[in-house]
Every structure is written in C-alpha cells, then in structure tokens.
Amino acid sequence: MSRLVFSRKPAKFAMARIAGAIMPGAGAHVGPLALQSDESLPLPTPDWVRLRPRLSGICGSDLSLIDGSASAYFDPLVSYPFTPGHEVVANVLGADGKPGKRVVVVPVLSCVTRGVSPVCPACATGQINLCERVAFGHFEPGLQTGFCADTGGGWSNEMLAHPSQLVHVPDDLTDEAAVLIEPTACAVHAAARYTGEQTVIIGAGTLGLLTLASITATRDAQRKAPIIVTARYAEQKRLAKELGADIVCTTDELPRHVRSASKSLVFGEQLTCGAPHVIDCVGSSDSLQQALQVVAPGGEVQVVGMPSNVSLELTSLWHRETAIRGCYAYTHADFTTAIDVVRRHDLGRLVSATYSLKDYTDAIAHAAASGRRGAVKIAFDMRGN
Amino acid sequence: MKLNNTPSKLSSVPQLRKVAKLGDAAGAAVQAVLKPAKALGFPYRKPSVPKGQTVPETPSKLGADFETDWARKAPAKAVRAIVTNGPVRAVIKLLANPEINGLDRLADLERLDKTPALIFAPNHHSHLDTGVMIVAVPEPWRSKLVVAAAADYFFDTKVKGTLAALTLNAFPIDREVTGRKSSDELRRLLDTGWSLVIYPEGGRSPDGWGQDFKGGAAYLANRTGAPVVPVFIDGTGSIYGKGMKKPKPGKSKVVFGSPLYPIEGESTRRFNARIEAAVTALGDEALTDYWTSKQRAAAGTNPKLTGPEYNGWRRQWALAEHRKLGKAGQRRRQKRRWPDLG
Amino acid sequence: MPRPGFVLEVDRSTPSILFWRGENFSLEKLPAGRSRVIYPPEPLDAIKDIDGAIRHALLNPIDQDPLPALLFPGMKLTIAFDDVSLPLPKMERPDNRQRVIEAVLDLVAEAGVDDVHLIAALGLHRRMHEYELRHALGDRIYDAFHSRGMLYQHDAEDHDNLAVIGTTDHGEVLEINKRAAESDLVIYVNINSVSMDGGWKSITTGLASYRCLSFHHNPETLENTRSLMGHRHHSALHTSVWRLGKVLKDHGPKIFQIETTLNTDMFPKPFEFINKREWEWTAKDRATFLGTTKALNRTPIKLARKIFHGMEGPHQMTSVQAGETEAVHKLTLEHVYKQQLVEVQGQTDILTMGIPFVSPYNPDGVMNPVLVMCMGLGYLFNMYRNKPLVREGGVIIMTHPTYRDFNPVHHPSYIDFFEQVLTDTTSPAEMSRKWEKQYAEDEWYKHLYRTGNAYHGVHPFYAWYWGAHGLQHAGKVIIVGGDAPTVRRLGFTPASTMDDAFEIASDVVGRNATITHLHVPALLVADVQ
C-alpha cells in the first residue's frame, strides 16, 4: 500500500520549520513527510477493521506539523512514523478485501479503541474528546488517528480503525460532503456554546465557516443579535454571507463593527462593552488579542483554532473577568449533528480541489494558500487507485 | 582638590613669562620711535599757545548734533543687518525672551504695496527696550528702523555715538525739547521711508512706574501724517531697569496696538493724550486681558502706567503688586546658589 | 480691473486644462470642438479700509437700529460666529470674524455690557481646535474670553442647553442654543463663501439641535433642493430654513446679522497659477506647476496634506453688511454673485470637475471618500443657478485619488459609514431609513462630538444627502485616478485616465457628447440659461 509518512527526522524537521516560516506549505518539500510503499499494518486487536480511504482532507493542524510550527506539547501524544489524515471518508474492507459500506472516522483514540477497561471518567460520559488515556493503552500514543504510528491515517490507501470509530455515511451525501463531516463535527462542538447574543467569529477559513454554518443550521432560532464574521478574502466573505453571517468584515474593521453593534464606548483600544461570545478560529496572538479587545465584560473567548505559543496582554482578561476557553474535537453526538449541518448547507461545495497522493506537495501548497487562492478545503483523492 | 589640573597650570607659568617679555620688548621699540619725536617738538608735537591768544572753539559734533547719516548708507546697513539678526537677537532672547503680541494689528499696513513709515511709541523702562523693539518690529519696518536716542546719554562721546548709530541705528534727540534741526531731520527720515522708535516718556523710568508722555511722537506724526503705533513693553524694567548694575534675565512681552492716525485739526497735545491712552490700554491688555482692558478703556479706568498718585513706600509697594501681574511675575525662580565647598 | 468669468470653447489650439487631483494637480486635454471650460471671474478688489467699512456697517445697519442703540448695560448679549468650515483655505490673519467681533466688542465695551458670550455656531460639525479658534478670532479674544468660559462651542447634544422657540406651519420645530434663545440680542458674524450659506441658515443650522436639523437635512428635502446655490425658492432646504427663520423672527431673540463676503484670491504665492488661465501662465508659473506636481508625486501623502492645509489664502473682504437678516442677506448674495456668477448657455452631456484636497468638512483633515462624493455631487455639481450644468441623465467625471483614508479624530463615524452603510446601500433614502437613527443616537459618536473634535455621528449621512440631487440627476459618475475598490464602494465607476472616462461615458451619452469643465479652484456659480 502507498501512504504519506511523517517520520521523526530532526534535521528535516528543522528545515521544514525554516521553509514553512518563509512560505507556508513549503515544509512539504524539505520536511520529514514522504510518500512510501509499505506492507499493510497489523491489526492491534482482531476487532479492528481495515479501511480504504476515498477522500481525506488537509487540516490546519496537519499544515502546522508539516511546517514544523506545531507545539512541542503534542510530542508525547504523537508516535512516529505516522500517516497524517484524520478527516476521512472511507470504505470498510471486508475479510475478502472488497470495499464495503461507506463510513467517516471519528479519529479520537479514546479508551474503548485502546482497550482500556474500565474506561476513564470522561469517556464514561461520552466526552471522548477529553479522554484521559490518549497516550496509554495497548498501542502507541496518538491523540487521534492520523497522529498514531499503529493506526495509519487518511493520506493513504489503507488504514485501520476500531469499529467504535466508524460513523455510517447516508447514501445521499457525496464523498465531498462526507469528508467535511469531521471538521463540521468540530464546529458543531464549538457552536454548542452559542447563546444567541452577539457573537463574533474571527477567521473565515474552514473552521470559521463551518462554525458559522453550525450555528446558523442548528441554533438559528436563538439568534437575538448579529453574528459578525471576519474574513480576509472575497470568496470567504461571499461564503460567510451565504452561510448566514449578519456582518462580514475584515480584521481591522472588526472593533468598529462590534463597537457600533454593541453600542459600546471605547477607552484606549478596548471596547467598554462588546460581544459576549467571541469564537477565535485562527488561534494566533493577534487574533486572541483582538478577541479580548472586543469581548464583553464577563464574556467568553472560545479558542477553536489551534493556538500554539502565543503571547497575550491579559490585563483586560483580569479587569473585565473575561474567560478564554478551549474547544477541542467532538463527541459521537456531534458527528450525528454534523451530518445534518453538512446536508442543510450543502457543505460539499467547500471542497475546492482534490489531489492524488503523489502530488502531495502541490496539495499542501494549495491548502496553505487556500484563502488567497479562493479555496476552502483541499483533500486527497484516493478513489482512482 | 583638583589635583589633575595642577600640572597644566604650572606649565602655563613659563609661557606667561615669555609673553610678558615679548610685551616689554614691544614697549621698548615704541618708546624708541616716540622719544625722538618728542625731542623734535613742533610740528611733530601740538603747538604751544602764545600768551593772550585763545583758540576759537570748533563746533561740537557730539550730542544732538552727532552726524549719523552714514549709518543709513548701504555698508552700515549691511553690518547692522548682521549685528541685529545675530548678536542682538541672541542677547535679547537670552535676557528678555520677549513674547510678541498684536502683530495682526499691523497686517493691513503690511499688505499694502507701499508700506508707510511708522512711528512706534513704546513705554520705556530699560536700555533693553531698544533691542527688544528691534527684534519685535516686523518686516518690512525692521530693516528701515531708526531709534530716537537721548543725545546726552548715547552721543556724549564719539565712540559711544558711533556704536549706537551703527548697531541700533540710533538718532540723537534732546530729551526735553526736540530742536528744530533734529525735528527737521526726523521728518526727512520719515518722508524717505524710515520708521522711528520714539520713547514718548523721554527716558527710562526712574522708579519702575511710567512717566508722562512728551509730545515728540505726536508732533512728528502731526507734521508728517505718519501713523503712530502704540507699543507696550512689559518686563524689561525688572530685567534691567534704571539703576540696576547687571541684568537679571527674565521674560518680557511686547504688545503692538492699532495704528493711530492724526485727525485733521487735532492738536499735538490731544493726539499725545490719545497715544498715552492707547499705550495705557495696551498695558492693561498685557497685564490682564483684551476684554478687561477694552471695558476699562471705555469707562476710562485703565490703571495708569504712571502709577498711584501717592509717594514713598506705598508707591513702591504698589509697584510690586503691579509687576506680579506681568511677565516679571512669571520669572523663573533663580537657582539657589550654595557656596562651593570644593 | 478684474475680468469677469467667461466660457471658453475648446479648439485645437487650447492648451491642456488644470484639474485638481486631491493633494495634486493634473493637466487634461479636452476634446476640441465639443468641449467648453467655464472660467470664474477674477478676484474682485478688496475693501481698502476694512476696519472702517466694518465700523460703518455697524453704525449704519440695514433695516435695523445702529448697533449702539441696541446695546444697554445689564443686557445678555450673545455673539455667534461661523465655524472652521469657512473660509477655504483659511485666510491670512486677521480673519473676518476677528475683525468684525473686535469692532463689535469696541461698541459693546462702550455701552457697558458685561454679559457677553461668544459661541462657535458649528451645528453638527466638529468642535474647533484651540489653534483654529485662535486663528478665527485672534489670540486677544481667545485669551480674554475662553478662560472665563465666555467663549465656547455650540453643542447640539446638550439638551439642558437647548430651547424650543416654536414650530412652523409645516410642523418643523425650531430648537436652538438656549443661551442664544434667552439673549436680549444675538449678533451673528458670518463669512459668506458660497451663496448657499448665510441668511436664516446661519442660526437655524449653526445653533440648532439634531432634531431641528433633521427636518430639512434629509434625503427627501435635498432631492427636492433643485438649486442649492441659486434661487432660494428652487431649494426645498432653503424654503424650510426660511420657514424656521420666520419662527425665529417672530418668537426668538432680537438678531443683528453681520455678513461678510470674500474675493476669490485663494492661493498664496507661489501657487497663483492655480487661479490663472492656462494660456496666461508665465515661464515661472509653468516651472512652479511642473516642480510642484513632480515634487508632490514623490511626497508622502501626510506631508502633502500638511503643506496644503497649512496654506493661508490671501483672500480679503469685499463687502460687509449688517442689520436685519433678510435684508442683509439679499445684499450679501448680490456681492457673492458679483464675484462668482458666470453666464452659461445651455446644459451639457458630460460635466468634468477636479476635486481638491479640501471640502467644508475636512479643514486640516483628510478628504475621505465620502467627502469626495459630497464635494463633487453636493458642492461642485450644485454650483449653478436656474438649472444644472449637466443635463438629466448626463455623466459627471471627477478627478481625485479617492484613497481609502480617514481622519479618525475628525471623522470616526465616517469610517463606520463607509464600512457598514455603503457596503449595504448607496441610496440616500434607504440609508436614511435603515441606518441614520443608529448613527445619530450612538453614544460613542455623541461623546466624541461633544468632547473631542469629531463630526456628529449623523454627519456622514448629511454629507451623502448633500449629493442626493446630483446622485439622482446624473446618469453615471466616473472618478478618474481613484482607488478602484473605493470608487466602486461609492457606487461610482473608476477610470484610470480622462480618455478612458470619456470612453466609458460614451456608453451613456454617445460618441459626440458635449463636455463642460467647471474650472475650480476659485469659486463660480454657473448661471445656466
């Protein structure tokens, strides 16, 4: 089977970091990612199944790994060499090797998949995203499929999955729509905290747009105040409008829009009032700082985009009793909702381009420049071989 | 205890001695030339006067008759331009730091194609006033400005007179009565486009309060038709007033008033009173504000520059109060000087 | 003897014509045979003895007792004066306002009046900076009155200090500054730069509240204002203002109106070429033009702005009249028209105009895109009497860089207006319905207007409404040399050169359309026959 493999090669990792800093996505050329032909992986336990990926998306967290900019935090939660790809729509392979039903994978490697019994308290309540055993159990560490040496990942012809990870894809959904179920589940998880008050979504990349789509698809009845979305590129702006944003603006316009929508005054750069709920789908120092600038006193900044090492001026957080809350992954229930959201908004259209595995450098360059190039989601297409 | 300095001081002593020796030698050389001349007598020396004969006195060229025409010729003008724009400006800035107000009242005249010659009539407290006026008067008048200066004070010796004429463009006049010659000369200057600074008080204030205006400026204006610009100078009296041994640097203020035109048929005395009232009102404006001064001028209650009627310590006392209102009241506190204990 | 204005028919021998382009100029060749250029009259001679003329006007007013007869001790006197939007560019010191108010104060002091307030009648404009007040009134008045709290600026949002005078038969409520309303006499000191200003408009807008202004500063009135600069009865705005004026006359304080006019000698040396006819440019003028434009191309925009806004015009007073408002204003208008009126035969298909670096709403500020629209369609388009220079459905071509740049201190609500309102609609009626209230009542804008130096929150709407008639009248508006996305946001068409603009215009008005160029600077009102 052929697969893209990310191995532990410190020198290449350093080069990727430099290249990625110069041009996002360039880490794919020089870094530790390579296309290989390998033997099939052994099943960890007999109840695991083999999958044949059809489409597998490229996610922001994948890009940060490839460009060497991911946080060292993840190091103990990742096992090398691994095959990336956790946004997967695949066919389950039968014992005869024939492709069977179409599924999407819930990539979280929680207690059940690891054979940990009894399951941890988080998994016991279904909150598998908070599982306390992601680095333990009877296979290598890995917080998700796509970061674990033993499971393989979506950027390949073949990968492994535990039956508990599989979610059946209804026949009316295309592969393109199905590949967006996993990121949409993430967004659904974030949208659960939507209150109907004024909400700001910073960033209109995949996550920002899907969060917006999840809110408008599932909680539109609650909307009492405008949803403001910041977008940089024309296509993002168009999509944000289409998906139901009340106000779409650029980042530098945001404080003014929030100010006038919340009838706020200003001291220094800080709005006196602001939006009670700010969803940061970028996760950079700048975006988080701006989130704190526009969040209302006592409000919440929800960090959906993965931050790494950021530096923040937190006086306003202290002074105005605001909160910064993370938002990671999803539960099984979120996947069920995500299917509805994808169907409601016809989100398959957000897959802008697909590449075969051998063109992975092009694919990654495209994904890294997706906003500028008018794209949203880039995916690998394994249906041809 | 500045040990480091001692060697250099010591080393300078022999040098001084060398210089002294050179001086002695030069003196000897001069003596060598003069001695034979002395021995030679007349005509190398002044002739002695025979008994019973008197030498008729040559007419004095000092005082009011001091010849200053040369000071208004091109070479002197060039020198003066350098002196007034350089050292004079710097010294005035350093000593008196004048704030200049009311120039907009001259804007209409400035805009004319042919700007008329003006008579500036400021109050007078200090020798610095002339310097301040030279700095404060705007172009085009500054470069053609003649200052009427007391003949008995500035033109009593040739050197003093020459310097005053060259650097300040001073013109000698008598304090009390303007002689016919001076007045004709001043008219000629006005007619040829030279503006004048005339201190109508006739001299610096003896006690810090102003003095009554004498009619010189009004008379000239009446005769020539030149407008009189009343000017109030505040602060120079306490920087370098009459009787002070050395100046105490401080701040000053110059306020220009609207030009006054002699009215057809108006006597010199009445015009002079108008000028005095205008300077008095400007004085009020400088120490309080425009509106207060306007209101008091209308009611005829501007405080007199000549001070209170009474005499003695109460007059001095009132002066201190008066000065507190003006720029002198804002004087930077002198740096406290402690004895240098090495 | 200043020459009157005239209309030049462009032929092959006509040189290129000077256009403003914001903080720069360009020379544009207009097509021969179908173009004409309207040149303003040359600057009239100023009054010789200005202060004497002012005093004469105060002592011999029109239809009113001499000023000293109206003054008595113990009275409450308010002197209101025009704000920083006039004159443009600012005049050399002393300003007309200083001269007139000093002359008035002379008489006031003589009459023994103590209770005198000076109020900047700025309506919803920004508060003036200290240096602007000092420039307009002189240091003496500023120093004497400001520290005593007797010189201040009107505040249209200070509801404790506003008073209702009455209501017109059309239901318009006249609400003005309380101090003025309760005074025994209000003296208004104006500078009448354009014929739109002055008369009853001085007090009923300058000292009015937002509520009072909204009766006539709205899209409907301004779309029906068919001649802002021409006959009053063609202007719905002025008709409304005159109705309010009647209420003021009948129920308000006694008013003594002093109006002054200026000549159009607007640019100091060495920029006289701006005011000259191109074929009369001397070698020196040409050298100055070339040097200036080439240097400005390389000058950072902030510095260029500083240079232009720092300019002081040598314009001087051509008339001063005082007395009863309407009688005074009638005479004032005669003087304004004497300086500005040019007779023009017939309308045109394409009207071209150069937009300068300044409009009445950005003295010492940035000519932002909204103001470009306001200047072009609100002011220059309206510089006509009888009928517009351009025919209905014709094309208006402006030249201006139309950068997306705002002065955040002066124009905070303009930024939001550009970002929020113009992305939604460019229709005056629609924005008035959907957005105006939100902006007018925004606490932050009010705060900045009342305590900072910001235009009122609703002001960008007024600036936009000012062009409402032009917007409705013109078939297409093209901006040459503007930033394309910004121009499109305004609802206009960008073009890179004048030739392109004519090409684009031909889609609307055909190949052989007639072109008329309004040769500003210098002000002119085209009397279209």
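In this predicted model, B:T236 lies in helix α9 of chain B, which spans residues 236-240. B:T236 counts as buried because its relative accessibility is 0%, and the cut-off for buried is under 20%. Leaving aside residues up to four places away in sequence, B:T236 touches B:H125, B:S126, B:L128, B:D129, B:V132, B:G241 and B:S252.

The interface between chain C and chain A was examined next. Chain C contributes 10 residues to the contact. Chain A contributes eight residues. The size of an interface is often given as the accessible area lost when the parts come together. For chain C and chain A, the buried area is about 910 Å². Carbon and sulfur atoms give 46% of that area. Three residues, C:E419, C:Q420 and C:W444, supply 55% of the area that chain C buries against chain A.

Five salt bridges are counted between chain C and chain A. In one salt bridge, the side chain of C:E419 meets that of A:R256, with an N to O distance of 2.5 Å.

On the side of chain C that touches chain A, α15 (412-424) and α18 (443-451) each supply at least two residues. Helix α15(C) gives the most, with four residues. By residue class, this side of chain C holds five charged, three nonpolar and two polar residues.

Methods:
Residues are numbered from 1 along each chain as its sequence is written. Chains are lettered from A and ligands numbered from 1 in the order in which they are written. This is a predicted model: local features need pLDDT of at least 70, side-chain atom pairs count only at pLDDT 80 or more; totals for chains, interfaces and linings use all residues. Side-chain values use heavy atoms; hydrogens and water are left out. Contact means heavy atoms within 4.5 Å. Buried area is the accessible area (1.4 Å probe) that two parts lose on being put together, summed over both. A salt bridge is a side-chain nitrogen of Lys or Arg within 4 Å of a carboxyl oxygen of Asp or Glu. Ala, Val, Leu, Ile, Met, Phe, Trp, Tyr, Cys and Pro count as nonpolar, Asp, Glu, Lys and Arg as charged, and the others, Gly among them, as polar. Buried means under 20% relative accessible area, exposed over 50%, partly exposed in between (1.4 Å probe, protein chains only).
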